[in-house]
Amino acid sequence: MDCGVFCDMSMKERKFDALLGIYYEDLYRFAYWLGKDEHMAKDLVQETYLRAWRAIDSLKDQKAAKSWIFTILRREFARQFEKKLPIINSLDEMVTDVEDANHRTPDELMDINLTRQAMMKLESKYAEPLMLQVIGGFSCDEIAQQLEISPSAVMTQLFRARKQLTSHLTRASKIGNKI
């Protein structure tokens, strides 16, 4: 029996699910971080998957699937808000799925909260590469491709982001010790 279009569609669906289906939660967290709105994040991820579906045949290197879909998401966000830069307001909602407060000690929860507060103080220039590394698990080279900057610039931004985080956390620790 020749199944024609149906077999082609089924193979495309399997390829799509195998390569990209596993990134939904990471894409959602990154979209939420970019736009600060649950509904917009869901719409953005849906539009990202739609664009990826249409272009899946153009993905030649399957090892690059994660970077490819994150790039689609970033570009889709940019299309929606070309003149508006994302503002980092809160990381709390973005990482709620990752961290289950029921399994944390009070000290761990306080450390998490202090880290979030310190991350919110970072400039977007430093926060975005750090979030791509932490949430997306991307390498410096992959982040450089996505942000269209050099790998050395990414390494510099990550170094400065970590240095600023350490500074903020050290100050917070000193304040906490005085209380």
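How many of the 179 residues of the protein chain count as buried? The share is 35%, where buried means under 20% relative accessible area, exposed over 50% and partly exposed in between, with a 1.4 Å probe and protein chains only.

This is a predicted model, in which local features need pLDDT of at least 70 and side-chain atom pairs count only at pLDDT 80 or more, while totals for chains, interfaces and linings use all residues. Residues are numbered from 1 along each chain as its sequence is written, and side-chain values use heavy atoms, with hydrogens and water left out.

Figure 1. Helices (H or I, at least four residues) and strands (E, at least two) are DSSP runs numbered from the N terminus, and along the sequence they give the pattern α-α-α-α-α-α-α-α. Contact means heavy atoms within 4.5 Å; among contacts between residues at least 6 apart in sequence, 71% join residues at least 24 apart. The accessible surface of the protein chain comes to about 11300 Å², and 54% of it belongs to carbon and sulfur atoms, the areas being computed by the Shrake-Rupley method with a 1.4 Å probe, and for residues with only the protein chains shown as cover.

**Figure 2. Helix 3 (residues 38–55) packed against helix 4.** The axes of the two helices are 9 Å apart and their angle is about 120°, with axes taken as lines fitted to C-alpha atoms, for helices over the stretch in contact, and angles running from 0 to 180 degrees between N-to-C directions. Helix 3 is therefore oblique to helix 4, since angles under 35 degrees count as roughly parallel, over 145 as roughly antiparallel, 65 to 115 as roughly perpendicular and the rest as oblique. On the helix 3 side the contact includes Leu44, Glu47, Thr48 and Arg51, and on the helix 4 side it includes Ile72 and Glu76. Sorted by class, this contact has eleven nonpolar, two polar and four charged residues, where Ala, Val, Leu, Ile, Met, Phe, Trp, Tyr, Cys and Pro count as nonpolar, Asp, Glu, Lys and Arg as charged, and the others, Gly among them, as polar.

**Figure 3. Glu76 and Ile72 in helix 4.** Helix 4 spans residues 65–80 and holds Glu76, which is buried with a relative accessible area of 6%. Leaving aside neighbours within four places in sequence, Glu76 is in contact with Leu44, Glu47, Thr48 and Arg51. Ile72 also counts as buried, at 13% relative accessibility, and, with neighbours within four places again set aside, Ile72 is in contact with Thr48, Arg51 and Ala52. The C-alpha atom of Ile72 is separated by 9.4 Å from that of Gln146, although these residues are 74 apart along the chain.

**Figure 4. Helix 2 (residues 24–35) packed against helix 4.** Here the angle is about 25° and the axes are 11 Å apart, and helix 2 and helix 4 are therefore roughly parallel to each other. Among the residues that make this contact are Phe30 and Leu34 of helix 2, together with Phe70 and Phe77 of helix 4. The contact of helix 2 with helix 4 has eight nonpolar, one polar and two charged residues.

**Figure 5. Thr156 in helix 8 (residues 151–178).** Thr156 is partly exposed, with a relative accessible area of 34%. Between Thr156 and Tyr126, which are 30 residues apart in sequence, the C-alpha to C-alpha separation is 9.0 Å.
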